[in-house]
Amino acid sequence: MKRIAIYPGSFDPPTNGHLDIIERASGLCDELIIGVLKNSTKTPLFSPDERVNMLKAVTRDIENVRVMSFEGLTVDFARQNGAKLIVRGLRALTDFDYELQLSQINKKLYGEAETIFLCTSLQYSYLSSSTVKEIASYGADISDMVPHYIKELVIKKIKETKVS
Ligand code: ADP
C-alpha cells in the first residue's frame, strides 16, 4: 500500500525551516501532500493560492511532493487523500504543548492516523514565518531564512501592503 503523508500548515510564507521538514519527510513516505490551510484565523500576508504556488515552485525538484490548499479539519483533509501520516515540525519546547494537544485531538478524530514529529535542524530552530515577515517589514535581510524566489515575493508583497 502506498504510504501517503500530509504536512499541513499556514506557510505564510514558506521558510527554509519548512523546506527542511519537507525534504526530510518526503524521504519517509511514498507521497507527501503539503496542505495549505485556508481558514486560518490569522490574517495572512499571502492568499492560499499564492502560498500553494510558492510551495510548488520551491519543491519542484522533489518528485513525490504535491501541494494543495484545504479548508476545515486536518483529519478530514488526510482522510480525503488516503493519508495516514500527519507530519509536523517541532522547533522548541514552546511548540510542544500545542503540538501534543493537536496530535491527541487528531488521534481522537481519526484513530488510524499517526502524527509524526520531525525536530527542526539546528540552524532553523529560531525560524518562523512571522519572524520572516517582521524582519522583512523593517527592511532587514531575510536571505538566510527563505529561498531567493520567496524572498523577492515577500519584499514585493510587503511594499504593496504598505502602499495600500
Ligand atoms: P501553523 O500555523 O500550522 O503552525 P506554520 O506554517 O507556522 O503553520 O508551520 C507548519 C508546521 O511547520 C508546524 O508543524 C511548525 O511547527 C513547522 N515549522 C515551522 N517552522 C519550522 C522550523 N523552522 N523548523 C521546523 N519546523 C517548523
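Let me begin with a term: a residue is called buried when its relative accessible area is under 20%, exposed when that area is over 50%, and partly exposed in between, using a 1.4 Å probe and the protein chains only. What we are looking at is a predicted model, in which local features need pLDDT of at least 70, side-chain atom pairs count only at pLDDT 80 or more, and totals for chains, interfaces and linings use all residues. Residues are numbered from 1 along each chain as its sequence is written, and side-chain values use heavy atoms, with hydrogens and water left out.

I will start with the overall fold. The protein has six helices and five strands, where helices (H or I, at least four residues) and strands (E, at least two) are DSSP runs numbered from the N terminus. Along the sequence these elements follow the pattern β-α-β-α-β-α-β-α-β-α-α. Of the 164 residues, 46% count as buried.

Next, please look at strand S4, residues 85–90, where five of the six residues are buried. S4 runs parallel to strand S1, residues 4–9, and two bridges join them; S4 also runs parallel to strand S5, residues 114–119, this time with six bridges. Strands are taken as paired if DSSP finds at least two bridges between them. As examples, Ala 5 stands opposite Leu 85 in S4, while Ile 86 has Thr 115 in S5 as its bridge partner.

That brings me to the charged side chains. Side chains of opposite charge can pair when their charged atoms come close. Here a salt bridge means a side-chain nitrogen of Lys or Arg within 4 Å of a carboxyl oxygen of Asp or Glu, and the count comes to 13.

Which residue does Asp 20 meet in a salt bridge? Its partner is Arg 24, at 2.9 Å from N to O, and because the two are four residues apart in helix H1, residues 16–26, about one helical turn separates them. Asp 20 is buried, with a relative accessible area of 11%, whereas Arg 24, at 33%, counts as partly exposed.

A second salt bridge joins Lys 157 and Glu 50, with their closest N and O atoms 2.9 Å apart. Lys 157 lies in helix H6, residues 148–163, and Glu 50 in helix H2, residues 48–58, so this pair ties together parts that are 107 residues apart in sequence. Lys 157 is buried at 16% relative accessibility, while Glu 50 is partly exposed at 31%.
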